[in-house]
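Visitor: I am new to structures. Please show me how to read one.

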Amino acid sequence: MCNLNIFIKTDDFLNKDLSEFVGFFNSATYSSFINNHDGEGAYFDNKGLLITSPNKINFLDYFEEFNKSNFIITHQRYTTSGRDNKYTHPFKRGDFILVHNGVMSDWAKGEHSDTYMFFKRFEKKFNSINGEREFKIIKCIKDLLRNEGGSYSMALFDELTKRLYYFKNDGSNINVVMNKEKSGLYISTAFHNMSLLDIYNEDFEEFDINNLSIYRIDLKNKGIKVRVLGKIPKRKKKKEKGFITFDKKLTLDDFKMGYNIHEGRHKRNCEDCGFETLNSGGEIGGIKCDDCLESLKKEFDYSYYEELENEREME
């Protein structure tokens, strides 16, 4: 998947030579680009500069932007949907900037990438809600991701308030460190990039990020402030006792294996299940009693069916 490399700093962070800091960041993003080379983009909050390229960006050409910006947001892309270069992150809509690492297949529509469609929906929903700005942001995040079964690690920057919102689920990895003075915070998908930061400055400590928590990161008088504003509702499985359905078509051999065991154990005497387990679509329609279900689990390799069952998660 893609890589995020984000650096947040106060105005007094650069206590070393600027060239060393830019050199570190250029090395870190180059390391990420090696395996995520379908494009790179960057956003600097000082003047709202957003650049995207199908090739690696040389950040040594952006000394002034690094020096004057507090939020530096970059993305190294590995394409999973939306093959056109126009879908290179970061995306900008209105006053918002978004980067995403992960795969949310249900959002991808036609030629459009999953992130593009998610952000489009976010903007529409945000504009339709009444209330205080931050309340609307948090509500949109919760509502749009509460049923998400894909993977996501997202950073959403609000140009109007100069606040960054970060949130992820257990389908993605992230590494976050902050220095003791709370003047610098680094977010990266790639764990090995942390060793590059150690070369530049050893005064950084790991900062724990919890799945489904929505973090707000902004600058205060005493440095960088990180606060949890809420949690994305955890996706729940829809359970019906003694009944299993499957989203994917099974092979005939898969069906025969399960059906024969089911038939043999109950000798055609199961009034709850009957023998209507193969529907017209060629899928197993359901096992409707506990005895039949336990028979299958005990008497043949059920791991394949359990895998399919786990994919059927609904609120």
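This is a predicted model: local features need pLDDT of at least 70, side-chain atom pairs count only at pLDDT 80 or more; totals for chains, interfaces and linings use all residues.

Visitor: At what angle do helix 3 and helix 4 pack?

Guide: Two packed helices are described by the angle between their axes and the distance between the axes. Here helix 3 (residues 114-128) and helix 4 (residues 133-145) pack at about 135°, with axes 10 Å apart. That makes helix 3 oblique to helix 4. Oblique is what remains once angles under 35 degrees (roughly parallel), over 145 (roughly antiparallel) and 65 to 115 (roughly perpendicular) are set aside. Helices are DSSP runs (H or I, at least four residues), and strands are too (E, at least two).

Visitor: Which residues touch the most other members of the largest nonpolar core?

Guide: A nonpolar core is a set of buried Ala, Val, Leu, Ile, Met, Phe, Trp, Tyr and Cys residues joined through side-chain atoms within 4.5 Å. In this core of 25 residues, they are F122, L156 and F167. Helix 4 gives the most to this core, six residues.

Visitor: Is L50 buried, exposed or partly exposed?

Guide: Buried means under 20% relative accessible area, exposed over 50%, partly exposed in between (1.4 Å probe, protein chains only). L50 has 29% relative accessibility, so L50 counts as partly exposed. L50 lies in strand 3 (residues 49-53).

Key. Residues are numbered from 1 along each chain as its sequence is written. Side-chain values use heavy atoms; hydrogens and water are left out. Axes are lines fitted to C-alpha atoms, for helices over the stretch in contact, and angles run from 0 to 180 degrees between N-to-C directions.
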